[in-house]
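The sequence and the coordinates are shown first, and the description follows.

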Amino acid sequence: MMRIEIVKRPQHSALFSALSPFIALFLTLIAGAILFSILGKNPISALDSYFVEPLTEVWSIHELLVKAAPLILIAVGLSVCFLSNNWNIGAEGQFIAGGIAGSILPVVFPDFQGWYVLPIMLLLGMAGGMAYATIPAYLKVRFNTNEILTSLMLVYVAQLFLDWLVRGPWRNPQGYNFPETVQFSDSAVLPAIWPDSGRAHWGFALAIIAAVLVWFMLSRTLNGFEIKVLGRSSRAGRFAGFSAGRLTFFAFLVSGALAGLAGIAEVSGAVGQLRTSISPGYGFTAIIVAFLGRLNPLGIIAAGLVLALSYLGGEAAQISLGISEKSARIFQGIILFFVLASDSLIYYRIRIVSRLSDTALKGA
Amino acid sequence: MTMFEAILLTVATAATPLLIAALGELVVERSGVLNLGVEGMMVMGAVTGFAVAQYTGSAWLGMFAAILAGAAFSLLFGFLTLTLITNQVATGLALTLLGLGASAMIGESFVGLPGIRMNSFYIQGLTDIPYVGRFLFGQDPIFYISILLTIGVAWFLFRTRAGLTLRAVGDNHTSAHALGVPVVRIRYLAVIFGGACAGLAGAQLSLVYVPQWVENMTSGRGWIALALVVFASWRPWRILAGAYLFGAVTIGQLHAQALGIGVPSQFMSSLPYLATIVVLVLISRNKRLTLMNTPTSLGKPFVPDR
C-alpha cells in the first residue's frame, strides 16, 4: 500500500514558487496527450496543432492578442481581489455591465461623433463594471453576505439584462430582427494596433498598462502592502490599523473597473456592436489566468497569453483534427487543477510512503 | 387535476434538484469542507445520466451512473483539498469550471436528442385521491428519494454517533484529530456523499425536469444549492423549506411569464437569482447568529501533525 504524506515546510519554497506554473503546464500537456490518445488522435500532432500552429501565422497571433486582452485585464483585477481574500467570481457580470455601460453612447446617441467618444466610452465601461462590483462589496461589508454567491448570482442577472436589452429597446431597427444593436460608428471603434496585418486592437495595450500599474501598486505602495497583509491574516491587518471593509471596496472597485474596461474594449474593439452574448466566459477563464499567473500582474500577462492560446488551439483542433472546440474548456479546467496541486508544493513537502516502511519506522 | 395540484407538482419538480444538491453540500460543510464545485458535479451528473439512459434505454441506470459520476468527480476535489491541502475555494471553482467544460464536450452529440423520462409512479386508488393524490403518490422516484434523503440526513447528523463525530470534525478538526478521530477519512466520505447527491440532482434535471441535454443546463442551480445551505443555517429541514421556497419562486415566475403580465421575460427569469441574493442578505445580516451556526472549521486547511 502506498500513501501520500504531507509535511509542512518550515518556510515556503522559493524554488517551487517559481516552478509551479511550469510544472502545471507540463502536466497539462501530458494530460492533454493522454486525452487525445483516448480520442484516437496522434497526441504529438494534436498538441502541435493545438499549441504550436496557432503561433506560426500572423493573423492568428493577432487573434491571440484579441483574446488575451480581456483575460489579462480581468485577471489583473481579480489578483487584487484574491490577494486580499475577496472572492469576486462575478467578473463575467462586471464585464457585461461594462460592455453595456460603454455602449450607451454609440447605441443611444449614434450621431454623437468625435475623438472624445472613445475615451468617454472606456470611462463609462469602467464605471459600469465598478458600479456592478459595488453590489457584492457593499453587501459583504454592510451585511456580512458571502461575496462568492452574490457576485456569481449577479452574472446571471447581467446576462439576462443584456439579452433583454439587445432583443428589446436597443435592437437595431434596421437589423432584420436579429438580436443585435446598430454597428458602432468609426469613432466608437477601438482601433487596431497594426491595421495592416490584423485586427489586434488597443485593448491589448490597455491590458499591459493595467498589469504594470497594478503590479506597481501591489509591490511598491502601502496600499499594496495592506492588501497582502489583510489577505494573509485579517487579524494582523486589524492590529496594523488597516480597515478590511475599505479594502474590500477597493479590491472590488479595481477589479470591477478592469472587468468593465475589458467588456467595453471587447465590444468596441473586437465585436463592434452589442449582441446577446459578448463573452465566451472570459470572466471565468480569467480566474484560471489569475491563478496560473500566481496572482502577480506580470505573471498574469504570460498566463493570459497561454489561456488565449488554448481558445485558439480549440478552434484549430476543431478544424484540423475534428475534435470539438469545447476541448479547450477541458484544458482550461485541467490547468487550474494542476496549478493548485503544484502550488501546494510551495508550502508542503509531499512524500509517498509505503505502509511497509511506515510500520518498520514505528517498530524501531 | 386541479390547477392547485398542477402547480404543487411543478414546484416539487423544481425544488427537488436544489434539495438533493443542498443536502449533499450540507453534509460536506458540516464536516468542515467548503466544496464550491456543486454546479460542476451536478452538470456532470446531468450529462452522464442522460448519456447512460440513451445508451441503455433505462432511466434508472442513467440515474445510478449519474450518482457514480458525481461521486467520482468529487474525489478529484477531495484529493486536492484533503490530501494536497489546496485552497478549497479555488479548487471548488476549478471543479465547476472543469465540469461545465467537460460536460459541454461530452454532451455535444446529445444536443437536440429526445431524452428518456423517468416514469412517475401510479398506484391505483391512491394516486387518484383528489388534491393530494398525485403529489403524495404519483411523482417520480427521485422526488421520494429527496424526501427520504432529508429524513436520513437529519437523522444521521443529529441522532447518530457517526453524525456527531462528523459535526465534531467540522467544528474543530484539531481537537477531533487529537481524540483520534480520522479527520481526513471522514471528510473524504462526506465529500463523496456530497458528490453523489450533486450527481443525483443533475440526473433529476436531465431525466425528469427537462428530459434532454442542454449545455449548462444546471444554469446556476448548484450555486443556489450552496446558498440554500447558508440560508438553512446548516439544518436539513430548513433546506427542505428553502428548496420549496425557491421552487415556488421559479415556477411562479414561469407562470407569470406564461400569463404575459407585461414584464419582460428576462426580468422574470432573473428573479430566482435576485431572490437568492435577498435571502442571503437577510440571513447573514445578523453576524453573531451566522457565526454561531457556521461550522467553525469550514474551509480551513487541516494538516495532520505526525
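## A loop residue at the chain boundary

Apart from neighbours within four places in sequence, B:Leu84 is in contact with A:Ile6, A:Ala341, A:Ser344 and B:Phe79. The model described here is predicted. B:Leu84 sits in the loop that joins helix H3 (59-83) to helix H4 (88-106) in chain B. B:Leu84 and B:Val303 are separated by 219 residues in sequence, while their C-alpha atoms are 9.4 Å apart in space.

B:Ile85 belongs to the loop between H3 and H4 of chain B as well. The phi angle of B:Ile85 is near 55°, a positive value in a residue that is not glycine. Most residues other than glycine have a negative phi. B:Ile85 has 19 other C-beta atoms within 10 Å and is therefore partly exposed.

## The contact between the chains

The contact between chain A and chain B takes 41 residues from chain A and 40 residues from chain B. On the side of chain A that touches chain B, at least two residues each are supplied by strand E1 (2-8), helix H6 (117-143), helix H7 (147-167), helix H12 (282-292) and helix H14 (327-347) of chain A. H14(A) provides the largest share of that side, namely twelve residues. By type, the residues on this side of chain A comprise 26 nonpolar, ten polar and five charged.

## The nonpolar core

The largest nonpolar core has 215 residues, and the members that touch the most others are A:Ile72, A:Leu73, A:Ile74, B:Ala22 and B:Leu228. Helix H9 (residues 183-209) of chain B contributes the most to this core, with 16 residues.

What surrounds A:Ile74? Leaving aside neighbours within four places in sequence, A:Ile74 is in contact with A:Ala91, A:Phe95, A:Leu258, A:Ala259, A:Ala262, A:Tyr282, A:Gly283 and A:Ala286.

## Helix H8 of chain A

Helix H8 (residues 203-220) of chain A contains 18 residues and spans 25 Å from its first C-alpha to its last, close to the 26 Å expected at 1.5 Å a residue. Its buried residues are A:Gly203, A:Phe204, A:Leu206, A:Ala207, A:Ala210, A:Ala211, A:Val214 and A:Leu218. These residues lie on the same side of H8(A), because they cover an arc of only 145° around the axis.

The face of H8(A) turned away from the buried side carries the exposed residues A:Ile209, A:Phe216 and A:Arg220. The cover over the buried residues of H8(A) includes helix H3 (58-83), helix H9 (222-232), helix H11 (244-271) and helix H13 (297-320) of chain A.

One residue of helix H13 of chain A is A:Leu307. A:Leu307 has 26 other C-beta atoms within 10 Å and is therefore buried. Not counting residues up to four places away in sequence, A:Leu307 touches A:Leu71, A:Thr285, A:Ile288, A:Val289 and A:Gln332. A:Ala236 is 71 residues from A:Leu307 along the chain, and their C-alpha atoms are separated by 35 Å.

## Helix H11 of chain B and its flanks

H11(B) has 24 residues and reaches 35 Å between its first and last C-alpha atoms, close to the 34 Å expected at 1.5 Å a residue. The buried residues of H11(B) are B:Pro236, B:Ile239, B:Leu240, B:Gly242, B:Ala243, B:Phe246, B:Gly247, B:Val249, B:Thr250 and B:Ile251. Their cover includes helix H1 (3-30), helix H6 (141-159), H10 and helix H13 (271-284) of chain B.

B:Ser233 lies in the loop between helix H10 (221-231) and helix H11 (236-259) of chain B. Although B:Ser233 is not a glycine, its phi is positive, at about 50°. B:Ser233 counts as partly exposed because it has 15 C-beta neighbours inside 10 Å. H11(B) is followed by B:Gly260, which has a positive phi near 65°.

## Annotated transmembrane regions

An unreviewed UniProt entry lists residues 34-53, 60-85, 91-113, 141-158, 188-210, 222-246 and 266-283 of chain B under "transmembrane region". In the model, residues 34-53 of chain B are 80% helix and 0% strand, with the end C-alpha atoms 31 Å apart. Residues 222-246 of chain B are 84% helix and 0% strand, and their end C-alpha atoms lie 13 Å apart.

Notes:
Residues numbered from 1 in each chain as written. Chains lettered and ligands numbered in written order. Predicted model: local features only at pLDDT ≥ 70, side-chain atom pairs only at ≥ 80, totals over all residues. Core = buried A, V, L, I, M, F, W, Y, C linked by C-beta atoms within 7 Å. Buried ≥ 20, exposed ≤ 12 C-beta atoms within 10 Å, placed from the backbone. Helix = DSSP H or I, 4+ residues; strand = E, 2+ residues; numbered from the N terminus. Contact = placed C-beta atoms within 7 Å. Nonpolar A, V, L, I, M, F, W, Y, C, P; charged D, E, K, R; others polar. UniProt positions renumbered as here; feature names shortened; annotations may be inferred. Expected span 1.5 Å × (residues − 1). Arc of directions from axis to C-beta.
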